[in-house]
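Please open the model in your viewer and keep the selection panel at hand. The stops below go from a pair of elements to the whole chain and then to a single residue.

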Amino acid sequence: MTSVAGFGQRTGAFPYFRISQEHEHETEQDLSEKSVSVHEKVARASSSPSPNPRSVKLDILRGSSGHNAVPPSTSADTSRILDVKPLRSLKPIFPPSNQAAPFVCGSPNGPFPPEYSSFYPFCVPPPPPEPEPPQPQATWTAAAPTPIRSFRTPGPSDGPGEMMNGDAEQFAEGKKRASGMRPSSSSRRRRSTAMVLGRSAPGTFVIPISPFNREVGNREMVDYVLTTFDALRRRLSQLEDAKEAPGGIIRRADLKASSILMTQNVRTNMKKRVGVVPGVEIGDIFFFRMEMCLVGLHTQSMGGIDYMTVRGEQEEESVALSIVSSGYYDDDAEDKDVLIYSGQGGAMTRNGKPAPDQQLVRGNLALDRSMHRANEVRVIRGMPDSVNPNTKVYMYDGLYIIQQSWMEKAKSGANTFKYKLVRVPGQPDAFAIWKTIQRWKEDISTRSGVIIADLTSGGETIAVSLVNDVDNEKGPPYFNYFSTLKYSRPFSILHSSYECNCHNACKPGDLNCSCVRKNGGDFPYTANGVLVSRKPLVYECGPSCPCGPNCKNRVSQGGPKVRLEVFKTKNRGWGLRSCDPIRAGSFICEYAGEVIDKDRLKQKVDEGENDEYIFDTSRVYEPFKWNYEVGLLEDESTSDSPEEYNIPSPLIISAKEFGNVGRFMNHSCYPTVFWQPVTYGTSNESYLHIAFYAMRHIPPMTELTYDYGMVPTEGGIGAAYRKRKCLCGSPKCRGHFGL
């Protein structure tokens, strides 16, 4: 129990006080009544004749009974009155008489017993805060980001503007909000039951974020927070998918995960600031609004305008920090450098009433003040996800300046504020790349440098283009496109598989499914096909399973789900990238090729054959953490999932003669992709496959890379392979890799 120190004696020693158990559950009304009773005593004493009203007040304080009274002191100076509030919930705690020490005393400066601490201001003042290094941009100390408990249906006093430019379409009741209908009381009860956000973690998780990095982040901290959030969100989604939920329940694992992280202070850039957010780069993408809150880019969980109060020349005023343009309001957002942004409010009506006019308050006022101050505003653009059109992808587009504002009549009939924002020149392209990709998808002929529109010749469901806009090379050396592994002989590398008995699609949580049992009782993928955790081995349903091709436990067998592109790099040969944004945990492709054994590999080395397309599971790889932190969850079914691979025998693949797009992925010491062993097969044989998954959210046109690892020196093969100079250019570059 938390303890505080009481009033000190003149000798410097003082008793320790602990919060009274009798009063720690008292309501505010109970305490208020006690406070009123004391004031009544003062009033009655003041109305009666008294030579010294000051002494009357002291008598009342001395005469108070119960644990709320301050112990009288014969040495106290009664000529002075301290203007302090009565300590209604404190009482002195004395040890029993049978203990050695009759009284717990200590110096005001400590040291203190383990269960006690000093009580400011009756002891020494707290130490001054440590100075922080200067930041390149202007900063102001402001309130913390909007807490998770602020999610609620706007009340009558909030006005419709509280849902400004948000992603309300992600909610199940989004249609009701758009039409101005307030969700029914039953739906609100279901929502509050489904989203239990106030659960605290068990306390076994050690937070690797310093107090300074919580206020001011960097790239490493931003990546850590986002990785921790998404890993926890995937696990919560997995647990929810395995439960039978009644209809109408809103499952928001993202809100639950963000609530847990906020409770545990797993966040960064909590200090609000104008301009650049440390560690967040232009072009970064987010699939959830709460991700932006956790890294300090945009702290409004649903609101489209984030602002703070600063001290002006004469009085305090609000300034805008960031805005989100996601299509909820009538914005003109097609231009890559100019954004016509609509203010908050006036977008929804209730009970068929006309939409109210927007008011120059809150976010609208902040945008107006920022226009006059000419401060930079961060702009986040929200676009439909190409893989799942029902969700949005948010891209940070950089800093803008508000040049102009006016009012015009909106489609709803309300007078609406309009703000013209112009992008600050000299910044890397972000939204401009998105718009260019949209034109390429509509007409591939507009893409410069296209050599082949589909190098797979229909081998994949989605065409893979070959592009070179760097030099005049017409393509990589010839190879046979093969979408999966090519075994030289039909031998079994694992134990015989046992197909499931699911006649429809396999269901999460169904322990009657043998494939689910082989995966430890957990479905390896979420409902949208995202890998939940790295595993020693992922078991997928095979061709002999009766569950059918639409089973969600066949993710790696369906080929790429994003539009990939083989392109010529400036200094690393040919590479692979995606024209679509990729969510963390999404399947990229398989590493296809010809399976060879160690003898064949040694023969290649001895003969001096230059095979740069070898994938070997026996190489030494840098370990990394990708799974969720078990200490953040209290669920009894949660256990630590090992991330070390358990491959019965080494798998060596050569993609020189036969292969797919996976052969074009380059090495990086800070990769965007990782590999995971996956097995499936027929009733008699099981075969191992290498599947690639996104390590984190990958923006469009970002190169897809994985860690090649280092070749072990034993066996004589590793000695023949020399170290190659690494050109990945990442801050974590090791300088070399094995090939």
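In which sense, left-handed or right-handed, does α6 pass α7? To look into this in what is a predicted model, select residues 219–241 for helix α6 and residues 253–263 for helix α7. The two helices pack with their axes 8 Å apart and at an angle of about 130°, and because angles over 145 degrees would count as roughly antiparallel and those from 65 to 115 as roughly perpendicular, α6 and α7 are oblique to each other. The crossing in which α6 passes α7 is right-handed.

Next, show the side chains on both sides of this contact. From α6, select Val225, Thr228, Phe229, Leu232, Arg233, Leu236, Ser237 and Glu240, which meet Ala253, Asp254, Lys256, Ala257, Ser258, Ile260 and Leu261 of α7. Coloured by residue class, the residues of this contact divide into eight nonpolar, three polar and four charged.

Now select the whole protein chain, whose secondary structure comes to 13 helices and 28 strands. Of its 739 residues, 48% count as buried, while the chain exposes about 36,700 Å², with carbon and sulfur atoms supplying 52% of that area. Among the contacts with a separation of 6 or more, 70% are accounted for by residues 24 or more positions apart.

For the last stop, select residues 377–384, which form strand β8, and pick out Gly382 within that strand. Is Gly382 buried or exposed? Its relative accessibility is 14%, and therefore Gly382 counts as buried, the cut-off being under 20%. Leaving aside residues up to four places away in sequence, Gly382 touches Ser325, Ser326, Lys392, Val393 and Tyr394. A C-alpha to C-alpha distance drawn from Gly382 to Tyr396 comes to 9.0 Å, for two residues 14 apart in sequence.

Definitions and conventions:
Residues are numbered from 1 along each chain as its sequence is written. This is a predicted model: local features need pLDDT of at least 70, side-chain atom pairs count only at pLDDT 80 or more; totals for chains, interfaces and linings use all residues. Side-chain values use heavy atoms; hydrogens and water are left out. Axes are lines fitted to C-alpha atoms, for helices over the stretch in contact, and angles run from 0 to 180 degrees between N-to-C directions. Helices (H or I, at least four residues) and strands (E, at least two) are DSSP runs, numbered from the N terminus. Angles under 35 degrees count as roughly parallel, over 145 as roughly antiparallel, 65 to 115 as roughly perpendicular and the rest as oblique. A crossing is left-handed if the near helix is turned anticlockwise from the far one by less than a right angle, and right-handed if clockwise. Contact means heavy atoms within 4.5 Å. Ala, Val, Leu, Ile, Met, Phe, Trp, Tyr, Cys and Pro count as nonpolar, Asp, Glu, Lys and Arg as charged, and the others, Gly among them, as polar. Buried means under 20% relative accessible area, exposed over 50%, partly exposed in between (1.4 Å probe, protein chains only). Accessible areas come from the Shrake-Rupley method with a 1.4 Å probe; for residues, only the protein chains shown count as cover.
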